[in-house]
Structures are given as structure tokens and as C-alpha cells.
Amino acid sequence: MTAKIKIIMLGTGSHIPSVKKNHTAVLLCYEGENILVDCGEGTQRQFRYAKLNPCKITRLLITHWHGDHVLGIPGILQTLALSDYRKTLFIYGPSGTKLLMRALLNLFNFKQKYKIKVEEVDKGKFVDEKNFYLESEKMEHGISCNAYSFVKKGQVRIDKEKLKKAKLDQGPHLSKLKQGKDIKYKSKKYLAKNLTYTEGDKKISIVMDTLDNKKIIPFVKGADLLICESSFNDAFKDKAREYHHSTAKQVANNAKKANAKKLVLTHLSGRWDKNPQKILNEAKKVFKNSVLAKDLDVFGV
Ligand SMILES: [Zn+2]
Ligand SMILES: [Zn+2]
């Protein structure tokens, strides 16, 4: 069975949280990894509402240092300390993150019994594990800002039907097949290409606050799930430019041109609280498979 990637929209609001919308936070779970992208105020309670323990976090990715994306960090750090978190917490963010993290840790008086490793990232791969990697790209938001992608690496899988037809037993002799190598079993040769298939990569891209820009399409190319801020609609495109944000039409255009499979719209400005459908309809006109995110929505890839 292929391990699924689960994405939980812990917070889908904009600058000011509301009853229904918390500040921004997206949690990505894959095997033992629980990667939190942004941590707005109240994020640790959103974990509880989602019936998840914030101590499961393995990495925190910060898109930028506006309050609606980072004000929840001290609270979570304190909870980890009080809960005997024993792992090293890896924190990644745009330039300036090291200094800001140090300032933030100095503001509060709590016993930090675990290690925090802070790394500043801008463009390219910054984590490369056996089964997945993480990469970032610089965005345009008036302050240092990153977009992030999680890519699960495609793996060689054994085709069980073909295995049955070839009358090949299960067992340790199959391990070489899983590496894409031919095997010899009971003096008969079996070719890997006849019994296996290569599963494609799976990609989740998260593009939070940013002005529409040319770097987005190549960065999110082929994303299975594309999560984008959509603060405004086309009627407010001048305002979007002024505040370095995006419109529904712009993000839908990017999703289409990048050949994304699904677009999730989040971080809508509070002015759409009564009629978020307006944003969704604008996106759908350009990119059909668009959805609006609500707090605690779960997506599987
Ligand atoms: Zn911002
Ligand atoms: Zn924001």
C-alpha cells in the first residue's frame, strides 16, 4: 500500500481571525513527518480541534514574518517544552528568520528542553530524504517571503497481478525487484520491467501571500495539490498589487498554466466572508478543479 499524504487546513483566514477562520496554518502529514507550514495565532488549538497533538510536529516552514503567519509560534514552542518534546525541531524560513527566531525565543521565559535548528532558505531543495524532498522559491510580498513544495519521490512498485500471472511466490527474493533489478528464482530469470511499475512523484505546493509573479508557474509545475492565497478578486486587482497579494483569477491562471490537478483557495480577505463563492466562481471560470478551503478541511494526495 502506498502511504498517503494528508493535508489539514488548520487555519484558512487572513489578517484578522474570525469565529470560523483561524490565522494561516497548513499541516502536511506523510509517514512519520508532520510538517507545519505557517503557524498563525491559535494554531495549537486548531491541532486539538483536528484531534491532533501539536507535539507530533517534525518541521515548521515559515513563508514570511507577518503576524497572521507566525503569531502562534511561541505558544506551540511552549507547549512542546511543557510536553517533554524530545526531538529536534527544524524550522525553515526566508532570510531574517534566524534573527527573528532568536528575538522571539528571548521574549518568553520558558525552559526549552529540546533542540531547535533554524535554517534560512530561499531557492531550491533544502531537505532531501529517501522518500521525499522539500523545496522553496522566493516570492514577492514586500518582505522576505517563500513558497514551498513537498515532493514525494516516485518509487518502483511490484505489480501484484503480474506477479500472480508469473506464478512467482512472495518472499525476500522480491527485494531486488523493488530496486528495479532483474532476479533469478528457482533457476528462472524474471525481468523487473515485466513485473514492476514506477509510481509518479506526488507534489503539494503552497503559495501564500505574494504578488502574482513569473516564478510561480515553474515552481508549482505539475502539482497534484496547489494551495494558494486568494485575498482578492479581479475587481480588486489594483489593491492586490498595492498590498502584494493575489487575485482568484491570477492563481487560477497559474494553476492552469502549471498543469496542476487541484487548486485550493485560502487566505481570503474578510470582505468575502459573506460571499466567498464570488472568489470560487472567478477561479472556476479559469480552472475548473478549484475549491475553497475551510478550517479543518482535509485533503489527501
Ligand atoms: Zn503577509
Ligand atoms: Zn497573510
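Start at the zinc ion (ligand 1): its 4 donor atoms subtend angles of 90 to 167°, which makes the arrangement irregular. The model is predicted: local features need pLDDT of at least 70, side-chain atom pairs count only at pLDDT 80 or more, and totals for chains, interfaces and linings use all residues. Residues are numbered from 1 along each chain as written, ligands are numbered from 1 in written order, and side-chain values use heavy atoms, without hydrogens or water.

Select the donors next. They are His64 (NE2), His66 (ND1), His141 (NE2) and Asp209 (OD), at 2.1 to 2.3 Å. Donors are N, O and S atoms within 2.8 Å of the metal (3.2 Å for Na, K and Ca); water is not among the atoms, so sites may look incomplete. Their spacing in sequence is H-x1-H-x74-H-x67-D.

Asp209 bridges it and the zinc ion (ligand 1), and the two ions lie 3.5 Å apart.

Now move to the largest nonpolar core, which has 27 residues. Such a core is a set of buried Ala, Val, Leu, Ile, Met, Phe, Trp, Tyr and Cys residues joined through side-chain atoms within 4.5 Å. Select Leu36, Ile73, Leu77, Leu89 and Tyr114, the residues with the most contacts inside this core. Finish on α3, a DSSP helix run (H or I, at least four residues): α3 gives the most to this core, with 5 residues.

Note on methods. Four donors count as tetrahedral if all angles lie between 85 and 135 degrees; four count as square planar and six as octahedral if opposite donors are over 155 degrees apart and all others between 65 and 115; anything else is irregular. Buried means under 20% relative accessible area, exposed over 50%, partly exposed in between (1.4 Å probe, protein chains only). Helices (H or I, at least four residues) and strands (E, at least two) are DSSP runs, numbered from the N terminus.
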